[in-house]
Amino acid sequence: MLTKKEIIAGSLLFAGLQNDQLKRVSEISFQKKYNRGESIFFEGDEATGFYMVAEGKVKIFKMSLDGREQILHIFGPGEPFGEVPVFHGQPFPANAVTMARSSLLFFPRREFVELVSDTPSLALSMLAMLSLRLRRFASQVESLSLKEVPGRLAAHLVYLAEEQGRTDQVVLDIPKGQLASLLGTSPETLSRIFARMSDEGLIKVDGKKISLLDYDELMER
């Protein structure tokens, strides 16, 4: 099992830090363990610090007035979350729940802000991470607002292909019910779209494995 320092060193957020700086970041962090489906924080909770996934998976989501869940982000090992409220002093704007048994690192707000003040390179790394996060979020908003559900699914499959480094097959990293929430649709609608794309010869579905039979057409969509 990786140590706290090794987990931190492997994160994009702390890329480029010197060994002594990594040690200081590690020293202020706390490890917390959660069972699957356990809440980490709720929308409106005070942001006393932020988190990083060491093991497992975490979803960030909001609930509509009618009880419908909209997933905003899904984070895996090495990815931080909840860091933005830490710096502007506002409550968490969404909910966070584990999707599997998870181990998280927690970075207290006061100690981390002091560390950033003393470490300009850490501030630059955080700016890069937040810029990347903003681009991903803007892309998600564009997809939800401008694309129909088939286009959103095609875009997600292409995203997974790029992330997994292949164009012939991808493996879904979340259950289809969670994927429907991420794409802003219902599980029933998503199942129909999977079936339609299969009939059109674009994909072949085998559980979590999705064969991409016509990658170029998926790109077009």
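Trainee: Which helix is Leu 160 found in?

Mentor: Leu 160 is found in helix 6. Keep in mind that this is a predicted model.

Trainee: Okay, and is Leu 160 buried or exposed?

Mentor: Leu 160 counts as buried, because its relative accessibility is 0%.

Trainee: What does Leu 160 touch, skipping residues up to four places away in sequence?

Mentor: Leu 160 touches Val 170, Val 171, Leu 172 and Asp 173. Take Val 171: it is 11 residues from Leu 160 along the chain, and the two C-alpha atoms are separated by 7.8 Å.

Trainee: What about Leu 157, leaving aside its neighbours within four places?

Mentor: Leu 157 is in contact with Val 170, Leu 172, Ile 203, Ile 210 and Leu 212.

Trainee: Now the cores. How many residues are in the largest nonpolar core?

Mentor: That core has 29 residues. Leu 157 is among those with the most contacts inside it, along with Leu 153, Leu 179, Phe 194, Ile 203, Ile 210 and Leu 212. At least two residues each come from strand 5 (69-75), helix 6 (149-164), helix 7 (176-182), helix 8 (187-199), strand 11 (209-212) and helix 9 (215-220).

Trainee: Which element gives the largest share of this core?

Mentor: Helix 6 does, with 7 residues. There is also a second, separate core of 18 residues, which includes Leu 13, Phe 50, Met 52 and Leu 115.

Trainee: What does helix 4 lie across?

Mentor: Helix 4 (residues 109-118) lies across strand 3 (49-55) and strand 8, and it runs at about 65° to strand 8.

Trainee: Switching to sheets: in what order do the 4 strands of the open sheet come?

Mentor: The order is 1-8-3-6, with antiparallel pairing. Strand 1 (30-34) and strand 6 (80-81) each have a single partner strand, so they stand at the edges, and one side of each has no neighbour in the sheet.

Trainee: How many bridges join strand 1 to strand 8?

Mentor: There are 5 bridges between strand 1 and strand 8 (residues 102-108). In that pair, Tyr 34 stands opposite Ser 102 of strand 8.

Trainee: One more pair. How do strand 4 and strand 5 pair?

Mentor: Strand 4 (residues 58-63) and strand 5 pair in the antiparallel sense over 6 bridges, and Ile 60 stands opposite His 73 in strand 5. The hairpin they form has 5 residues between the strands, and Gly 67 takes a positive phi near 85° there.

Trainee: How many of the 7 residues of strand 5 are buried?

Mentor: 6 of the 7 are buried, so strand 5 is largely enclosed by the rest of the structure.

How values were computed: Residues numbered from 1 in each chain as written. Predicted model: local features only at pLDDT ≥ 70, side-chain atom pairs only at ≥ 80, totals over all residues. Heavy atoms only, no water. Pairing = 2+ DSSP bridges. Contact = heavy atoms within 4.5 Å. Axes fitted to C-alpha atoms, helices over the stretch in contact; angles between N-to-C directions. Core = buried A, V, L, I, M, F, W, Y, C linked by side-chain atoms within 4.5 Å. Buried < 20%, exposed > 50% of the residue type's maximum accessible area, 1.4 Å probe, protein only.
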